[in-house]
Amino acid sequence: MMTNAEDELWNKLQAFQFDEPDTSFTFVKRLARDNYWNDEFARRVLEEYRRFLFLCITSNSGVTPSDQVDQAWHLHLSYTDNYWNKLCRETLQKELHHNPTKGGTEENDKYADYYDLTLQQYEAKFGTLPPPDIWPKGDERFSDIDFVRINRRHFRLARRIHATAFPHQMLVASILTGFFLCMIFRELIILPLSIVPWLLSYLANHFSPHAYEPVQPSNAGGSGCGTNGCSGDGHHSGHGCSGHGCSSHGCSSGCSSSGCSGCSSGCGSSH
């Protein structure tokens, strides 16, 4: 349940505009492009970002966004006038900062606790469970992250399929194949050997480096910035590419209305 003051804040956030009226390359389209999302998913993430902002201001404890919501936050930070003036000063009447964590087990545990509290507060304030495709459970939130920023003019990405993505199916298929080969060739040694390809695939996918394949750089004009919200035409404003959203992510971000551990005010981020 929301108080009257919280209702007023939520109404302001729902009415908040991320784009100027004449914008053709909208915030949603930029968010979709930078994260390889479709426009509809990016639009949903943006709405969840509004809810995160609400929880930042109304929570008495730390809160932490999902990685998807954090990407919207990173992008918004590059819209310096819209973020600091229109959002923080005019709408929220409070500055929300996004600063790196100090790192270490204690910090990781703290942000994990913040995230669990965020999911609980989300349900309490909005009367519904957060959508799991945008707000995954805590163990998935902090384990399924291994992002880096790369220049696609210099690298070609190849998706790496993990044998562990469907371990039971692959293992069963290997054993059945070995069983039938044993029947045909009447050699029992074939059965344990049939598991070897699955085992090698498992090890290769766990210990091989990321599949970033270099390509010949293009002579075309370079983009202003990769994933932090610049237009990609080689021109950007002085503060638009300050590095928000351009580093690899190790954990999360946290925020509270009174500031979170190590922050003077607003939010902290774990990179």
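Start by selecting H76, which touches F16, F18, F27, Y49, N82, Y83 and L87 when residues up to four places away in sequence are not counted, contact meaning heavy atoms within 4.5 Å. The model on screen is predicted, with local features needing pLDDT of at least 70, side-chain atom pairs counting only at pLDDT 80 or more, and totals for chains, interfaces and linings using all residues. Residues are numbered from 1 along each chain as its sequence is written, and side-chain values use heavy atoms, with hydrogens and water left out.

Stay on H76, which counts as buried because its relative accessibility is 0%; buried means under 20% relative accessible area, exposed over 50% and partly exposed in between, with a 1.4 Å probe and protein chains only.

Next, widen the view to helix α4, residues 67-78, in which H76 is found; helices (H or I, at least four residues) are DSSP runs, numbered from the N terminus. This helix has 12 residues and reaches 17 Å from its first C-alpha to its last, close to the 16 Å expected at 1.5 Å a residue, the expected span being 1.5 Å times one less than the number of residues. Because 12 of the 12 residues of α4 are buried, the helix is largely enclosed by the rest of the structure.

Now bring in helix α3, residues 39-58, whose axis comes within 8 Å of that of α4 and crosses it at roughly 80 degrees. That makes α3 roughly perpendicular to α4, a term covering angles of 65 to 115 degrees. To see the contact itself, select F41, V45, E48, Y49 and F52 in α3, which meet Q68, V69, A72, W73 and H76 in α4.

L55 and T118 are 63 residues apart in sequence and 7.6 Å apart in space, C-alpha to C-alpha.

How values were computed: Helices (H or I, at least four residues) and strands (E, at least two) are DSSP runs, numbered from the N terminus. Axes are lines fitted to C-alpha atoms, for helices over the stretch in contact, and angles run from 0 to 180 degrees between N-to-C directions. Angles under 35 degrees count as roughly parallel, over 145 as roughly antiparallel, 65 to 115 as roughly perpendicular and the rest as oblique.
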